Amino acid sequence: MLIMTLDVDQSLLIEDVQLRLTSANARTIMFSMAKLTGGRETNVVLQRHQIAVVCYNVRFQMISVEGQTARLVLEPPEDVQVQKMELN
């Protein structure tokens, strides 16, 4: 299990899929999800404590939001690589 914070416009990389946090408020977050190799972008909205299974069977949950920063729990399978993309 990974617990991380993500600011609006910051991204995670799950294997070859980018998840970018596009908005956050006290009750919901929205993120866009697209393959790096030109896949179609999909928008996903999660409510607080709702669990979604995203690409590569990664379980994804928003546990809190403070300002424009969301605190997330990810549960990837052991063979799936997840990394936070840093802002430049």
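Modeller: Let's start with Asp16, which has a relative accessibility of 23% and so counts as partly exposed; buried means under 20% relative accessible area, exposed over 50%, and partly exposed in between, with a 1.4 Å probe and protein chains only. Before we go on: this is a predicted model, where local features need pLDDT of at least 70, side-chain atom pairs count only at pLDDT 80 or more, and totals for chains, interfaces and linings use all residues. Residues are numbered from 1 along each chain as its sequence is written, and side-chain values use heavy atoms, with hydrogens and water left out.

Biologist: What makes the pair Lys35 and Asp16 a salt bridge?

Modeller: The term asks for a side-chain nitrogen of Lys or Arg within 4 Å of a carboxyl oxygen of Asp or Glu. The side chains of Lys35 and Asp16 meet at 2.9 Å, N to O, so the pair passes that test. Lys35 sits in strand β4 and Asp16 in the loop between β2 and β3, so parts 19 residues apart in sequence are tied together. Strands here are DSSP runs (E, at least two residues), numbered from the N terminus.

Biologist: How many salt bridges does a search of the whole structure find?

Modeller: Two. Arg20 and Asp9 also meet in a salt bridge, at 2.9 Å from N to O. Arg20 belongs to strand β3 and Asp9 to the loop between β1 and β2, so this pair links parts eleven residues apart in sequence.

Biologist: Why is Arg20 called partly exposed?

Modeller: Its relative accessibility is 27%, so it falls in between the two cut-offs. Asp9 is partly exposed as well, at 47%, and so is Lys35, at 40%.

Biologist: And Ser11, is that buried or exposed?

Modeller: Buried: its relative accessible area is 5%, so it is under the cut-off. Ser11 lies in strand β2, residues 11-14. Its side chain makes a polar contact with that of Gln18 at 2.8 Å. The term covers a pair of N or O atoms within 3.5 Å; within protein, one must be able to donate a hydrogen and the other to accept it, and residues adjacent in sequence count only if both atoms are side-chain atoms.

Biologist: What makes β1 and β6 edge strands?

Modeller: Four strands form an open, antiparallel sheet in the order β1-β8-β7-β6. β1 (2-7) and β6 (51-54) each have a single partner strand, so one side of each has no neighbour in the sheet.

Biologist: How do you know that β1 pairs with β8?

Modeller: Strands pair if DSSP finds at least two bridges between them. Six bridges join β1 to β8, residues 69-75, so they qualify. Met4 stands opposite Leu72 in β8. Seven bridges join β7 to β8, and four join β6 to β7.

Biologist: Which residues touch the most other members of the largest nonpolar core?

Modeller: Of its 26 residues, those are Ile14, Leu19, Ile29, Val54, Phe60 and Leu74. A nonpolar core is a set of buried Ala, Val, Leu, Ile, Met, Phe, Trp, Tyr and Cys residues joined through side-chain atoms within 4.5 Å. Phe60 touches residues including Leu19, Ile29, Val54 and Leu74, not counting those up to four places away in sequence; contact means heavy atoms within 4.5 Å.
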